[in-house]
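Hi,

Here is the structure I promised to pass on.

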Amino acid sequence: MAQLASLALIGAWVDGLAIIAGGAYGFVAKGSKISLIASSICGIVLIALAQVRALFCGIWAMLMFAMFARKYMGRQSSEMQQKLLDDPAERQIMQRSKAIMATLTVLSLVEAGVCFAVASK
């Protein structure tokens, strides 16, 4: 039980810092301050909830999973698709962003599962 709880805490730190790093990428790549601010809040909340209660952390991680999965699966407008075809730099940013969203989706789902396992004991 203690090992699983430790794993949930470590996972929260990994997932939370990865979320913050994803926002930092959005800021560096596109100058998006809102990405940096929102990701910092989401990552810090995840880490804090893991310190307080595993169930709350699991619920928050599931919300993060849903958000990142939606962003990963999101469709692009025809205008955005044309912009990606015209600008290789934009295409690369979009590909990296998609990879980041996929990674955060998996990390958040795993973290939710571990937190729910801890909470059920």
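Let's start in one spot: Leu49 touches Phe56, Cys57 and Trp60, leaving out residues up to four places away in sequence. Here "touches", like "contact" below, means heavy atoms within 4.5 Å. Leu49 has its place in helix H2. If you want to check a distance on screen, the C-alpha atoms of Leu49 and Ile59 are separated by 9.5 Å, and these two are 10 residues apart along the chain.

Before going further, some ground rules. This is a predicted model, in which local features need pLDDT of at least 70 and side-chain atom pairs count only at pLDDT 80 or more, while totals for chains, interfaces and linings use all residues. Residues are numbered from 1 along each chain as its sequence is written, and side-chain values use heavy atoms, with hydrogens and water left out.

Now the overall picture. The chain has five helices and zero strands, so called because they are DSSP runs: H or I over at least four residues for helices, E over at least two for strands, numbered from the N terminus. Reading from the N terminus, the order is α-α-α-α-α. Along the principal axes, the C-alpha atoms fill a box of roughly 55 × 25 × 15 Å.

Of the 121 residues in the chain, 29% are buried. Buried means under 20% relative accessible area, exposed means over 50%, and partly exposed is in between (1.4 Å probe, protein chains only). The chain exposes about 7,500 Å², with carbon and sulfur atoms supplying 68% of that; the areas come from the Shrake-Rupley method with a 1.4 Å probe, and for residues only the protein chains shown count as cover. Among contacts with a separation of 6 or more, 72% are between residues 24 or more positions apart.

On to H1, which covers residues 2–30. Why does its length fit a helix? Its 29 residues should span 42 Å at 1.5 Å a residue, and the end C-alpha atoms are 42 Å apart, which agrees. (The expected span is 1.5 Å times one less than the number of residues.) The buried residues of H1 include Ala8, Gly11, Ala12, Asp15 and Ile19, and the buried residues of this helix pack against H2, helix H3 (54–73) and H5.

Just after H1, Gly31 takes a positive phi of about 70 degrees. Next comes Ser32, in the loop between H1 and helix H2 (33–52). Is Ser32 buried or exposed? Ser32 is buried, because its relative accessible area is 18%. Setting aside neighbours within four places in sequence, Ser32 is in contact with Gly26 and Phe27.

Helix H3 holds Ala54, which counts as buried at 17% relative accessibility. Beyond its neighbours within four places in sequence, Ala54 is in contact with Cys115, Val118 and Ala119. Ala54 and Val114 are 60 residues apart in sequence, yet 8.6 Å apart in space, C-alpha to C-alpha.

That brings us to H5, residues 88–120. Its 33 residues reach 48 Å from first C-alpha to last, close to the 48 Å expected at 1.5 Å a residue. At the start of H5, a side-chain oxygen of Asp87 reaches to within 3.1 Å of the backbone nitrogen of Ala89. Buried residues of H5 include Glu90, Ile93, Met101, Val114, Cys115 and Val118. Met94, also in H5, is partly exposed, with a relative accessible area of 26%. The C-alpha atoms of Met94 and Ala29 are separated by 9.9 Å, although 65 residues lie along the chain from one to the other.

Definitions and conventions:
A polar contact is a pair of N or O atoms within 3.5 Å; within protein, one must be able to donate a hydrogen and the other to accept it, and residues adjacent in sequence count only if both atoms are side-chain atoms.
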